[in-house]
Structure formats: C-alpha cells, structure tokens
Amino acid sequence: MTITEAPATALLTDHYELTMLQAALASGTAHRRSVFELFGRKLPEGRRYGVVAGVGRALEAIEAFRFDTATLDFLAEERVVDDATLAWLADYRFSGDVRGYGEGEAYFPGSPLLVVESAFAEAVLLETVLLSIYNHDSAIASAASRMTAVAGGRPCIDMGSRRTHEEAAVAAARAAYVAGFGATSNLAARQRYGVPSTGTSAHAFTLLHDTEADAFRAQVSSLGVGTSLLVDTYDVREAVRLAVEVAGPRLGAVRLDSGDLGALAVEVREQLDSLGARDTRIIVTSDLDEFAIASLASAPVDGYGVGTRLVTGSGHPTSAFVYKLVAREDDEGRMVPVAKKSTNKLSVGGSKRAVRRLQDGVAVAEVIAVDAEPEPGDGTTDRPLHRDLVVGGEVVGREPLEAARERHAAAFAELPMAARSMTRGEPLLPTVYQS
C-alpha cells in the first residue's frame with residue numbers, strides 16, 4: 001500500500017510561536033538547551049483513564065515541519081517576523097530528541113506523554129502542531145476505548161465521517177482503530193493508514209427503487225448474500241422477511257438505524273431464527289455512545305456503528321493537554337528546572353521519566369521520576385512508559401499501526417477492573433512523583 005506523504009506543517013502553528021522565536025533570537029536565548037513536556041493536568045471530568053493517540057501522526061508532522069520558499073514569502077509579505085528570523089527559518093530542521101509514551105498507551109494526570117529536548121528555538125515551534133494532534137487524537141481514542149470496553153468483544157465500526165471536519169474524520173478513524181474499533185467507513189483512512197473500511201448502503205438506495213424488494217435484489221446481486229441490508233426504511237418486520245426471501249438464510253447481516261434498538265434487536269433475532277437465518281448478524285447504528293452500547297449488552301446485537309459521539313470524543317472533544325517548558329540551560333551551561341506557578345495551572349519542573357507500577361500484573365500507580373530514574377517499589381514491578389521517538393533529529397519511533405493497537409489492548413488489560421465500568425469517578429491510578 002502506498003502511504004501518502006505528509007504535507008508541510010510549518011504553518012499549522014500559532015502566530016506567537018514565531019514572535020517568541022524572533023525575540024529569543026534577538027536576545028541570544030534561542031539556542032539555550034531546553035526541555036518541553038506535553039501532558040494533561042487532569043483527565044476530562046468523570047473519566048478514569050485516557051488513551052494516547054496521534055504519536056505516528058506527530059512524528060510525520062515533525063519530519064514535515066519545513067519553511068519552503070512559498071511559506072517564507074508569505075511570512076515576509078505579511079511581516080509576521082523580521083528578516084533575521086526568516087533567514088533562520090529557511091534552514092529549520094529539528095535536530096533534537098523526543099521520547100514519549102507509545103501510541104495506544106493509557107495515561108493519567110501528569111503523565112509526561114512527550115518530552116522534547118533541543119534548543120529552545122527548535123522545540124518551541126513544534127508546540128501548536130503537537131498539541132493539535134495529541135489533543136484531538138487522544139480524545140477520540142479515549143472515547144473509543146470506553147466504547148470497545150463495554151462492547152464485550154462485539155465489533156465497533158467508525159461511521160462518523162460526516163459529523164466532523166473532513167480531515168478530522170481521517171484522524172478520528174485512525175485513533176479509533178488504535179483503541180479497538182474494527183473498521184471505518186472512511187476510505188481516506190484506509191488509503192493513508194491501512195485502517196480496514198466497510199460499507200454497504202444507505203436509506204437513499206432503498207428509496208431510489210420502486211420497492212424495497214427491488215433495492216434488496218440490486219444490492220445482493222452486486223455485493224453478494226454476505227452483504228448487510230438496511231431494514232428500517234419502512235416496516236422492519238416486512239423488510240426482514242424480504243431480506244431473507246431475497247438473499248436466503250445465508251444473508252450476512254441486517255442493520256437497524258432507528259427506534260428502540262434493544263427491543264427491535266430481540267424481535268429481529270427471533271424473526272431471523274424463525275426464517276432459518278440463524279447466522280445472520282444484527283448491526284445497530286443511530287447516535288450510539290458508550291452508555292448506549294452498555295445498555296445493549298444483553299440484547300442480541302452483533303456489532304455497533306458509531307458516529308457523532310465517537311468523532312466528538314463522546315462529550316470531551318479535547319484532552320486539554322499542554323506543552324510546557326520544564327527545564328532550560330542557565331548562563332553557566334547547567335540544566336535547571338523551571339515551572340509555571342499560576343493558580344490552577346501548575347506544572348512540575350524538571351525532565352521526567354515514567355513507569356507503570358504493577359502488582360500481580362495489575363496497575364497500581366503512575367510513577368514519575370524528576371531528573372532521575374524511577375526507584376523501584378517493594379513487591380511490585382515497573383514497566384517503562386517512555387520510548388525513543390526522535391534521536392538527533394531522526395525519527396526512530398515509527399511503527400505499524402497494528403503495534404499501537406496491540407499496545408492499547410495490553411495496557412488496558414493491566415488496568416483495574418473498574419476501567420470496564422462507565423461509572424464516573426477519580427483516575428484509576430494515583431500519580432506519584434519521585435525527585
């Protein structure tokens with residue numbers, strides 16, 4: 001499969017990143033060695049864990065962060081920065097180091113998801129694009145994880161492309177796949193990232209034909225008996241009868257998109273079985289979220305199509321991550337911790353390492369060591385959470401999307417059983433700082 005080359009990302013940034021750069025170049029501080037950290041001060045209200053997503057996209061963005069002639073001309077014409085800054089930007093290449101949580105990993109308040117070490121000038125320019133990617137993708141993956149957790153092994157399909165920005169839809173499909181969704185309706189996500197895609201027909205296809213039976217015949221003739229027929233355009237019971245009559249008992253699936261899905265699923269299952277279509281699956285759609293999916297746990301449902309609530313983070317469309325300077329080089333060449341002290345916006349200074357502390361295979365704490373390696377606990381084991389992503393400006397952390405998907409499954413399996421509950425509460429794990 002051909003992977004589409006990432007477009008230039010240099011202008012996916014805020015104006016003040018460049019004005020900070022200009023001032024730092026003028027003051028002589030732009031080249032101070034610095035450490036930036038991307039983290040969340042807290043989880044979205046009521047959530048008990050989050051899921052990291054967007055790492056692979058962020059690495060693509062770092063590689064593509066270049067100021068070409070057209071971009072430099074635009075900045076010059078608009079007088080965004082001065083000539084000295086433009087000259088510096090013309091040669092911009094990130095040459096520092098980045099380490100962070102692997103994609104698909106669970107996270108908690110304070111988790112240092114990304115640690116960027118380089119000259120201030122190089123690292124500060126990446127702030128906006130990194131936050132854009134991590135905030136969006138992690139919000140989607142966190143919602144998707146909750147949905148797959150309560151789906152009980154039944155497949156979930158992303159069907160939210162028409163409910164969000166066209167590019168956000170592609171990123172959302174990718175993030176949802178990391179967190180356990182089985183497929184997407186979005187073909188660009190399949191082209192760019194290899195996310196499996198699926199789809200059959202909408203109500204418009206049924207309405208196009210003179211009769212529902214004609215529509216079903218046309219679809220089965222084209223796509224085969226294994227297709228999924230939409231049976232709630234008119235009368236569900238009559239449509240199910242026609243579906244089996246047209247496709248036979250080997251009909252792949254029927255889809256319900258309206259009404260009381262739980263009650264309808266029971267009725268349709270009984271009807272399908274009575275018609276000999278015992279292996280025909282029932283797929284439900286229509287404004288589903290994790291709570292609706294949980295409510296259908298006892299219903300004879302075989303899969304879920306999720307749209308709006310998935311691509312909007314199921315009520316939390318951002319992860320509220322921040323990107324803060326936590327250490328810098330002083331005038332004597334020593335690295336010193338720095339931290340923001342503003343009310344309700346505190347940060348912890350110093351370069352950090354993180355481990356997930358486990359007891360008998362179950363996670364019990366997020367341990368974050370400041371300017372040191374984490375110290376082991378008694379009777380517990382620690383799993384390192386940071387992996388090298390960029391070394392000396394070269395991306396080293398690229399991995400197949402399947403690896404992120406597998407990481408999420410493993411990380412989720414370590415969490416306490418409460419992770420499978422939709423009950424609102426405090427974070428599942430305490431965050432413990434060591435210094």
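Strands β10 and β11 (residues 303-306) run parallel and are joined by 2 bridges, pairing being assigned where DSSP finds at least two bridges between two strands; helices (H or I, at least four residues) and strands (E, at least two) are DSSP runs numbered from the N terminus. Within this pair, Ile 283 has Gly 303 of β11 as its bridge partner.

The model is a predicted one, in which local features need pLDDT of at least 70 and side-chain atom pairs count only at pLDDT 80 or more, whereas totals for chains, interfaces and linings use all residues. Residues are numbered from 1 along each chain as its sequence is written, and side-chain values use heavy atoms, with hydrogens and water left out.

Strand β10 (residues 281-284) also pairs in the parallel sense with strand β9 (residues 253-256), over 4 bridges, and Val 254 stands opposite Ile 282 of β10. Here the chain passes from β9 to β10 through helix α12 (residues 261-274), again in a right-handed β-α-β crossover.

Thr 164 is placed in the loop between β6 (156-158) and α7 (166-178) and is partly exposed, with a relative accessible area of 27% (buried is under 20%, exposed over 50%, partly exposed in between, with a 1.4 Å probe and protein chains only). Apart from neighbours within four places in sequence, Thr 164 contacts Ala 169 and Val 311, contact meaning heavy atoms within 4.5 Å.

Key. Right-handed = clockwise from strand over helix to strand, strands pointing away.
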